[in-house]
Amino acid sequence: MSTTLAAAATAAIPSIPRDDDGPVFRAPWEAHAFAMALTLHERGVFTWPEWAAALADEIKRAQAAGDPDTGETYYLHWLATLEGLVARKGVASMATLHRYRDAWDHAADRTPHGKPIELRPEDFAG
Amino acid sequence: MSHDHDHHHDHSELSETELRVRALETILTEKGYVEPAALDAIIQAYETRIGPHNGARVVAKAWTDPAFKKALLEDGSKAIGTLGHVSRVGDHLVVVENTKERHNMVVCTLCSCYPWEMLGLPPVWYKAAPYRSRAVKDPRGVLADFDVALPKDTEIRVWDSTAETRFLVLPMRPEGTEGWSEEQLAELVTRDSMIGTGFPRKPGEPA
């Protein structure tokens, strides 16, 4: 089921890094970013053409700002696209995204090295 | 970046990117757009396709280059660092060698100690509590579940990863591979063989 979803995504977004067997990821977070886009698409938050256009804009913007465009930054653009669409579609504002980002940072700081990092309400206290 | 060995990280670190990914995931989950289980299912489908998978190349090199193998067993992180094309593996990667006398297997209490740069993502069962506790108490039984049969007199050593130390098993080179190139040999090295819950493929065995 999930590979069917992915096949639709890779067909719609030809730029997704892949080999003969499908998409490949350089790090776990890239797969998370990929999976989130698949899920939001499933939920009807955006269409693939809409996603492709937003991603292309993001890459164009990054290149204008000096992105080396070697493929290594592909999922960074993917993530920025995800954040942009989430904000634009009213799912969560940029301010909310930043607040959660800071909370996770706080959670990492108070978690001893090697323990699983979990978000707690007090992490939002700032 | 300077190498300051006096500085010890006593807390966890997430990269800026990881923070953003976690933030998004949390928000989407809280708002009901994403079910963690559904997300995991997608990621799991790609578990073998994440990361540079340097492990197989490192193992194949150790099989063909005795000097590298010696250095690798002495200091895994340092030896792997000398391979220019291989990305960072973090500090304190210990490589343990399988021999006829001793079979090594690795359990991990936390997925943060798993060397995904070398192996890709861990299999689901690897993180499961039953696997971890049984592996320590009854390693031979766990290995039997994975169809790994070892001679009775082979000692089984279980290594529990910690925050400080991660392990990579150097499996025995399959027979019938004399004269093979590193590239050919790397094809035989499976993830499970580097955790110690499997053997490398034999020549001619399908992938």
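Student: Which residues form one aromatic cluster?
Tutor: In this predicted model, A:Phe25, A:Phe34, A:Phe46, A:Trp48, A:Trp51, A:Tyr74, A:Tyr75 and A:Trp78 form one aromatic cluster. Over all chains, the structure holds 12 aromatic pairs.

Student: What describes a pair of aromatic rings?
Tutor: Two things: the distance of the centres and the angle of the planes. Take A:Trp48 and A:Trp51, an edge-to-face pair. Their centres are 6.5 Å apart, with 85° between the planes.

Student: Where do A:Trp48 and A:Trp51 sit in chain A?
Tutor: They are in helix 3 (residues 48-64). About one helical turn separates A:Trp48 from A:Trp51 because they are 3 residues apart in that helix.

Student: Are A:Trp48 and A:Trp51 buried or exposed?
Tutor: Both A:Trp48 and A:Trp51 are buried.

Student: What sits over the ring of A:Trp104?
Tutor: The charged end of B:Arg22, 4.9 Å from the ring centre. Within chain B, the charged end of B:Arg157 sits over the ring of B:Trp159, 4.1 Å from its centre.

Student: How is the size of an interface often given?
Tutor: As the accessible area lost when the parts come together. Here, chain B and chain A bury about 4,000 Å² between them. Carbon and sulfur atoms account for 68% of it. The contact takes 48 residues from chain A and 37 residues from chain B.

Student: How many salt bridges are there between chain B and chain A?
Tutor: The count is 2. B:Glu16 forms a salt bridge with A:Arg101, with the closest N and O atoms 2.6 Å apart.

Student: Which element of chain B gives the most to the side that touches chain A?
Tutor: Helix 1 of chain B, with 13 residues.

Terms used: Residues are numbered from 1 along each chain as its sequence is written. Chains are lettered from A and ligands numbered from 1 in the order in which they are written. This is a predicted model: local features need pLDDT of at least 70, side-chain atom pairs count only at pLDDT 80 or more; totals for chains, interfaces and linings use all residues. Side-chain values use heavy atoms; hydrogens and water are left out. Rings of Phe, Tyr and Trp (its six-membered ring) pair if their centres lie within 6.5 Å; planes under 30 degrees apart count as stacked, over 60 as edge-to-face and the rest as tilted. Helices (H or I, at least four residues) and strands (E, at least two) are DSSP runs, numbered from the N terminus. Buried means under 20% relative accessible area, exposed over 50%, partly exposed in between (1.4 Å probe, protein chains only). A charge sits over a ring if NZ of Lys or CZ of Arg is within 6 Å of the ring centre and within 35 degrees of the ring normal. Contact means heavy atoms within 4.5 Å. Buried area is the accessible area (1.4 Å probe) that two parts lose on being put together, summed over both. A salt bridge is a side-chain nitrogen of Lys or Arg within 4 Å of a carboxyl oxygen of Asp or Glu.
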